[in-house]
Amino acid sequence: MATVLLVEDDERLGEPLVRVLPAEHFDVVHVAVGISALQAANETRPDLAPSV
């Protein structure tokens, strides 16, 4: 299963993705702010970290 690092501070956008992505066979690491994203990226080594 691929791991996705989701960085989103708006719960209205992040929460639906946290619920849907596992159903599509992704592990999700969700953080809200940049410094947490850097720490999570170093700790989890995600396969995908989409950027908008």
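Which side chains meet in a salt bridge, and what is the N to O distance?

Author: The model is a predicted one. The salt bridge joins the side chains of Asp-10 and Arg-12, with 3.0 Å from N to O. A search of the whole structure finds one salt bridge, and this is the pair concerned.

The two partners can be described by their accessibility.

The setting is as follows. The protein has two helices and two strands, and from the N terminus on these run β-α-β-α. The radius of gyration is 10 Å, close to the 10 Å that the globule rule gives for 52 residues, so the protein is as compact as a globular protein of that length. Along the principal axes, the C-alpha trace spans about 25 × 25 × 15 Å. Of the 52 residues, 17% count as buried.

Thr-3, in strand β1 (residues 2-7), is buried at a relative accessible area of 15%. Beyond its neighbours within four places in sequence, Thr-3 is in contact with Asp-27, Val-29, Pro-46, Asp-47 and Leu-48. Ala-37 belongs to helix α2 (residues 34-44) and is buried as well, with a relative accessible area of 11%. With neighbours within four places again left aside, the contacts of Ala-37 are Leu-5, Val-7 and Val-31. Phe-26 is 11 residues from Ala-37 in sequence, and their C-alpha atoms are 18 Å apart in space. For the protein as a whole, take the contacts between residues at least 6 apart in sequence: 60% of them join residues at least 24 apart.

The surface also has a nonpolar part. Val-33, Ile-35 and Leu-38 make a nonpolar surface patch of about 300 Å². Val-33 sits in the loop between β2 (26-31) and α2, and it is partly exposed at 44% relative accessibility. The accessible surface of the protein comes to about 3,900 Å², and 55% of that belongs to carbon and sulfur atoms.

Notes:
Residues are numbered from 1 along each chain as its sequence is written. This is a predicted model: local features need pLDDT of at least 70, side-chain atom pairs count only at pLDDT 80 or more; totals for chains, interfaces and linings use all residues. Side-chain values use heavy atoms; hydrogens and water are left out. Helices (H or I, at least four residues) and strands (E, at least two) are DSSP runs, numbered from the N terminus. Buried means under 20% relative accessible area, exposed over 50%, partly exposed in between (1.4 Å probe, protein chains only). Contact means heavy atoms within 4.5 Å. A salt bridge is a side-chain nitrogen of Lys or Arg within 4 Å of a carboxyl oxygen of Asp or Glu. Patches are made of residues with over 30% relative accessible area and no salt bridge: like charges are joined within 9 Å, nonpolar side chains (Val, Leu, Ile, Met, Phe, Trp, Tyr) within 5 Å. Accessible areas come from the Shrake-Rupley method with a 1.4 Å probe; for residues, only the protein chains shown count as cover. The radius of gyration is taken over C-alpha atoms; the globule rule is 2.2 Å times the number of residues to the power 0.38.
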